[in-house]
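Work through these exercises with the structure in view. Try each task before you read its solution.

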Amino acid sequence: MSVLLLGFGYSAAAFAQAAGTRFGPLHGTVRKAEKAARLASGPVALQVHAGGAPSPGLAGAIAEARTVIVSAAPGEAGDPFLAGLGAALAAAPHLELIQYLSTLGVYGDHGGAWIDESAALEPAVQRTGRRVAAEAAWQAFGAAHGKAVQIFRLAGIYGPGRNPLADLASGRARRIFKPGQVFNRIHVDDIAGALVAGIAHPQSGVFNVCDDEPAPASDVVAYAAGLLGREPPPLIPLAEAGLSPMALSFYAANRRCHNTRLKRELGLALRYPSYREGLAALLRAGEGITPPA
């Protein structure tokens, strides 16, 4: 049996590294042949899939898969995989578990309150509304075809190459401040750990994948600067930051998310329970020491 990664990006690559061969061969999809060629020597056998029905190679990967991990964002037409691959997935003889990577953004704004997976879904922007619809579509698919479906709602992702240490080294870091605003975060290695734990406990469920300590974005940048022995960038009020509408949307919602279900039901112990441990580990790995190439 094998694992199929529909949408081989940052989080899927971290899973591949963490899983190795323990769940059998790894297959994945990318949208462009150039990316498939660039990663051809890696641990994942990649198929090019830009929509529509599966190629013979992808059809074979679906037929072998016991677990499918979906990590591509939905578009205006809905989930990019369900329409073209749904029939093949429904007929896959070994498929037991579908893991869908969603976002905490589906909750919208809760005024800084602590919430769990039972909170109302009130997406503030269209793209998170699409996530709500995609979650429901995969859950309905699983119910109709006897497949377990796990929804993982991810916090703000950081990790190698994508973190405030790297931003400080490259000169891109800014300390944008909105009074009272907090975010949860999650290290990409803990996302990988959640997926591995989900495969080991293949029951349906919805899980917040986030750290233990939601914090203001400005505090995280200041902490990263301290690790590097630098003065932090000056605080910039949100109204003066000149952010794009998409970037501004991340500041429209204020909430603190619990991860108790992830720990209790899937048995996951976070490697990086807050940004402090995560950034310290990234610094030890060399992040922020020199500007990214």
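**Exercise 1: The overall fold**

Solution. Start with the contacts. In the protein chain, 79% of those between residues at least 6 apart in sequence join residues at least 24 apart. Keep in mind that this is a predicted model. Next, take the elements. The protein chain holds 11 helices and 13 strands. Then take the extent. The C-alpha trace spans about 55 × 40 × 35 Å along its principal axes. Now test the packing. A compact globule of 293 residues would have a radius of gyration near 19 Å. The protein chain has 19 Å, so the value agrees. Last, burial: 48% of the 293 residues are buried.

**Exercise 2: The nonpolar cores**

Task: Find which residues touch the most other members of the largest nonpolar core, and which helix gives the most to this core.

Solution. The largest nonpolar core has 42 residues. L5, F8, F15, F152, V209 and L262 touch the most other members. Helix α7 (residues 188-200) gives the most to this core, with 8 residues.

Now follow F152. Leave aside its neighbours within four places in sequence. The contacts of F152 then include Q99, Y100, L101, S102 and T103. They also include A194, L195, G198 and F207. V209, L262 and L266 complete the list.

**Exercise 3: One face of a helix**

Task: Which residues of helix α3 (residues 56-64) are buried, and why do they line one face?

Solution. First, pick out the buried residues: L58, A61 and I62. Then look down the axis of α3. The buried residues fall within an arc of 100°, so they line one face of the helix. Finally, see what they pack against. The strands are β1 (2-6), β2 (26-30), β3 (44-48) and β4 (65-70), and the helix is α4 (82-91).

**Exercise 4: Rings and charges**

Task: Classify the ring pair of Y223 and Y275, then find which charged end sits over the ring of Y223.

Solution. The structure holds 5 aromatic pairs. For Y223 and Y275, the ring centres are 5.6 Å apart and the planes are at 80°. Planes over 60 degrees apart count as edge-to-face, so this pair is edge-to-face. The pair links distant parts of the chain. Y223 is in helix α8 (residues 217-227) and Y275 in helix α11 (residues 275-284), 52 residues apart.

Y223 is partly exposed, at 29% relative accessible area. Y275 counts as buried, at 5%.

The charged end of R276 sits over the ring of Y223, 5.9 Å from its centre. Elsewhere, R162 lies over the face of Y10, at 4.0 Å from the ring centre.

**Exercise 5: Two single residues**

Task: Decide for S249 and R22: buried or exposed?

Solution. Take S249, in helix α9 (residues 245-249). Its relative accessibility is 14%. Buried means under 20%, so S249 counts as buried. Not counting residues up to four places away in sequence, S249 touches V125 and R127. The C-alpha atoms of S249 and V125 are separated by 7.2 Å, though the residues are 124 apart along the chain.

Turn to R22, in the loop between α1 (10-19) and β2. R22 has a relative accessible area of 54% and is exposed. R22 and S2 are 20 residues apart in sequence and 9.4 Å apart in space, C-alpha to C-alpha.

How values were computed:
Residues are numbered from 1 along each chain as its sequence is written. This is a predicted model: local features need pLDDT of at least 70, side-chain atom pairs count only at pLDDT 80 or more; totals for chains, interfaces and linings use all residues. Side-chain values use heavy atoms; hydrogens and water are left out. A nonpolar core is a set of buried Ala, Val, Leu, Ile, Met, Phe, Trp, Tyr and Cys residues joined through side-chain atoms within 4.5 Å. Buried means under 20% relative accessible area, exposed over 50%, partly exposed in between (1.4 Å probe, protein chains only). Helices (H or I, at least four residues) and strands (E, at least two) are DSSP runs, numbered from the N terminus. Contact means heavy atoms within 4.5 Å. Rings of Phe, Tyr and Trp (its six-membered ring) pair if their centres lie within 6.5 Å; planes under 30 degrees apart count as stacked, over 60 as edge-to-face and the rest as tilted. A charge sits over a ring if NZ of Lys or CZ of Arg is within 6 Å of the ring centre and within 35 degrees of the ring normal. The arc is that of the directions from the helix axis to the C-beta atoms. The radius of gyration is taken over C-alpha atoms; the globule rule is 2.2 Å times the number of residues to the power 0.38.
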